[in-house]
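Good morning, colleagues. Please look at it with me on the screen.

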There are 2 protein chains.
Amino acid sequence: MYPGVVARRRDPAVRTQLIERAAHMLRTREPITLRSLVAGTSVSTMAIYTHFGGMDGMWKALRQEGFTRLGARLAQVTPSADPVRDLTALIAAYLGNALDHPDLYRVMFDANFDLEDAQAADDTLEYLVQAAERGRRAGRYRADTTPLELATQSWAVAHGLVSLVATGPLPRPTLAHGPLLLTALFTATGDDPNRCRQSVKQGWQPDLTSD
Amino acid sequence: MYPGVVARRRDPAVRTQLIERAAHMLRTREPITLRSLVAGTSVSTMAIYTHFGGMDGMWKALRQEGFTRLGARLAQVTPSADPVRDLTALIAAYLGNALDHPDLYRVMFDANFDLEDAQAADDTLEYLVQAAERGRRAGRYRADTTPLELATQSWAVAHGLVSLVATGPLPRPTLAHGPLLLTALFTATGDDPNRCRQSVKQGWQPDLTSD
DNA sequence: CATCTAAACATAGCACGGCTATGTTATGTA
DNA sequence: TACATAACATAGCCGTGCTATGTTTAGATG
């Protein structure tokens, strides 16, 4: 009788509000439960089910949000004429993000790593790949290492260091090993040692108060 | 009247049984809850409280167990005349352990990293420190890097790589970057490039079917 | 060996967690 | 304006960790 009839649309603002509140509760170390999350908002517990399908979906969306924020932070790194400096700066930004939001960082790598949009993780890696690609074109790396490989290796080093510090047993000064590790990696990939040290030194400014 | 009286002692076998069952449930992906853990055993839920003080204490003990197993695996690495080979072999064993028991590995680095005995984590690190120390004495490394620093750096690299593979988004073949990363690190610390490559190649045999 | 103490142990029930069933309301098309 | 549909509110279910309480048992003492 009314064939093309379409019902009430869900309000995207509710979804955003819930994710932002969850991120804030994570930051302030409040336990995030179905009821505590909706408490203080104008919506009921059912909102979590209509917008996320349950708490699992909410955590998934929160992981997604973490990658989005990381991507935004990496985007703030302005490319220069020195790709090695840039790649270092990207890694430093990665560390800064993890240190500023350790709980969110941990959530990002939780539970089977299922994201709503797996592309989001690839997109952040792409920042590193791009810098590596420019480094390869600039002749700073040997051709037998692909940009993706170098980006992945840089990521592994950064993740290992920062996760052991931000959510692990190592003390914060351990981060000072970052430049040495990156220099070791870049040099092993073909960059000139002295030039590499310079580039890494210039790029290594982990801004720990941005967001 | 009976001043020095001592009451019934708790049975250590119960504690061991519960931890082993928890480890097994972790391996078989069964959800570990207070009730599901004691189900199938002859003990009641109260046993978790007398032996661990609650589920938190049980997880803590399980983390401890993880480090104990890791230590046992590292102990299987027999030292040779080549300390760089040995350090590489230790890292390979570390990776093998994490890949064999990814869930236990994740638990080990969960939640504020509080262990029953913080020494256990240091003890496993000590294996790496010892190898690094022997490497320094053999003149393979410069004196401006302490054995603890080199061990920590090796750990960070290994942890970053294996956690992104075992419980993260990277595919398993990514582990093949291990030798390159270690060679880069050891070379940057002063080892001769060719000799280092040899040592790493000899040490890199991640036995993934032990335990 | 009998006795008494204290802790291990079992049982029952609490508060809170995620989730679902069901009723109500708002939205947008016809 | 009428109606179909899905967003939304409410209430209650089951499973969770935990605690209160009663019972049992190991073991030192005399």
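This is a predicted model: local features need pLDDT of at least 70, side-chain atom pairs count only at pLDDT 80 or more; totals for chains, interfaces and linings use all residues.

Let me turn to the fold of chain A. The chain contains ten helices and zero strands. Its C-alpha trace spans about 75 × 45 × 30 Å along the principal axes. Of its 211 residues, 52% count as buried. Among contacts in chain A with a separation of 6 or more, 68% are made by residues 24 or more positions apart.

I now come to the interface. Here 28 residues of chain A are in contact with 28 residues of chain B. Between them, the two chains bury about 2,300 Å², with 74% of this area on carbon and sulfur atoms. On the side of chain A, the residues that lose the most area to chain B are A:Gln153, A:Leu164 and A:His177, which together make up 19% of what that side buries.

Which elements of chain A give two or more residues to this side? They are α8 (147–166) and α9 (178–188). The greatest contribution is that of α8(A), with eleven residues. By class, this side of chain A has 15 nonpolar, ten polar and three charged residues.

Finally, the polar interactions. Between chain A and chain B there are zero salt bridges, while two residue pairs are in polar contact across the interface, both at pLDDT 80 or more. Thank you for your attention.

Methods: Residues are numbered from 1 along each chain as its sequence is written. Chains are lettered from A and ligands numbered from 1 in the order in which they are written. Side-chain values use heavy atoms; hydrogens and water are left out. Contact means heavy atoms within 4.5 Å. Buried area is the accessible area (1.4 Å probe) that two parts lose on being put together, summed over both. A salt bridge is a side-chain nitrogen of Lys or Arg within 4 Å of a carboxyl oxygen of Asp or Glu. A polar contact is a pair of N or O atoms within 3.5 Å; within protein, one must be able to donate a hydrogen and the other to accept it, and residues adjacent in sequence count only if both atoms are side-chain atoms. Helices (H or I, at least four residues) and strands (E, at least two) are DSSP runs, numbered from the N terminus. Ala, Val, Leu, Ile, Met, Phe, Trp, Tyr, Cys and Pro count as nonpolar, Asp, Glu, Lys and Arg as charged, and the others, Gly among them, as polar. Buried means under 20% relative accessible area, exposed over 50%, partly exposed in between (1.4 Å probe, protein chains only).
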